[in-house]
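The paragraphs below go through the ligand shell and then the backbone around it.

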Amino acid sequence: MRLLGTRPSPFTSKVRMAAVICGFELDLVPTDTAEEGATLVGTNPIGKIPALVLDDGSSLYDSRVICEWLDRSSGNLLIPQILAEWSQAKRIEALADGMTEAAMLTLYEVRYRPEDKRHQPWVDKQWRRAHRSLDALEHEVRSLGETPNLAHIAVASDLGWLDLRFSNELRDRHASLARWMDHFFAAHPELAAHRPAA
Ligand SMILES: N[C@@H](CCC(=O)N[C@@H](CS)C(=O)NCC(=O)O)C(=O)O
């Protein structure tokens, strides 16, 4: 199966780690969203990555849906089935992804908006959102077990992206999360191989 994505993308990273856990091989097709190319928008009209092209030619997006598909196709190797554990895993995924989406918007503000059109109060709001989410994640990761599931890979891929783009926001302000991430990647080299990278 082909996965449209990039190496730095945290959501692509999450899907690639999920594929490892579920025993699937995905061919990464490097895809630049800025170009809005025919392959990308033909696969995912939203024009975002990751998008998965299945063997029958149909497509799936976004990362949460792809992870659900990988989980169901593997006989539930990724997402806990007991309701309380399912709730924890899905909550943590939403929190980690929401943190990233907020921080990513601040990056896009600089990348795509001319300097005189940037709105600092809006940027500040995104960072408050991201840091609140990181504060909550500091508590959430303490209750995670040793065996990686959806929650672990969501946190690891999102923190891995934050470390790549805004290392000081992670390592200076959320040192315990940085330690959790470093420990996780050291313990799981097969997953670390897919962490966000330049
Ligand atoms: N909710 C989506 C978010 C996907 C997303 O925002 N992807 C980023 C790259 S990591 C993207 O495609 N950005 C391009 C854009 O927003 O124009 C998911 O979980 O897959």
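The shell around the ligand consists of S9, P10, F11, T33, K48, I49, P50, D62, S63, E101, M104 and Y108, where a residue is near a molecule if one of its heavy atoms lies within 4 Å of it. This is a predicted model, in which local features need pLDDT of at least 70 and side-chain atom pairs count only at pLDDT 80 or more, while totals for chains, interfaces and linings use all residues. Residues are numbered from 1 along each chain as its sequence is written, and side-chain values use heavy atoms, with hydrogens and water left out.

By class, the shell holds six nonpolar, three polar and three charged residues. Here Ala, Val, Leu, Ile, Met, Phe, Trp, Tyr, Cys and Pro count as nonpolar, Asp, Glu, Lys and Arg as charged, and the others, Gly among them, as polar. Both domain 1 (2-73) and domain 2 (83-192) contribute at least three shell residues each; the bounds come from an automatic or database domain assignment. At least two shell residues come from each of α1 (10-22) and α4 (83-112), and α4 gives the most, with three. Helices (H or I, at least four residues) and strands (E, at least two) are DSSP runs, numbered from the N terminus.

An oxygen atom of the ligand is 2.6 Å from a polar side-chain atom of S63. The protein buries 83% of the 510 Å² that the ligand exposes when taken alone, with areas from the Shrake-Rupley method and a 1.4 Å probe.

One joins I49 and P50, with omega about 5 degrees, and P50 is in the loop between α2 (38-43) and β3 (51-53). The other runs from Y61 to D62, with omega near 0 degrees; D62 lies in the loop between β4 (59-60) and α3 (63-73). E36, a residue other than glycine, has a positive phi near 45 degrees and lies in the loop between β2 (27-30) and α2.

Terms used
Polar contact = N/O pair within 3.5 Å; in protein donor to acceptor, adjacent residues only side chain to side chain.
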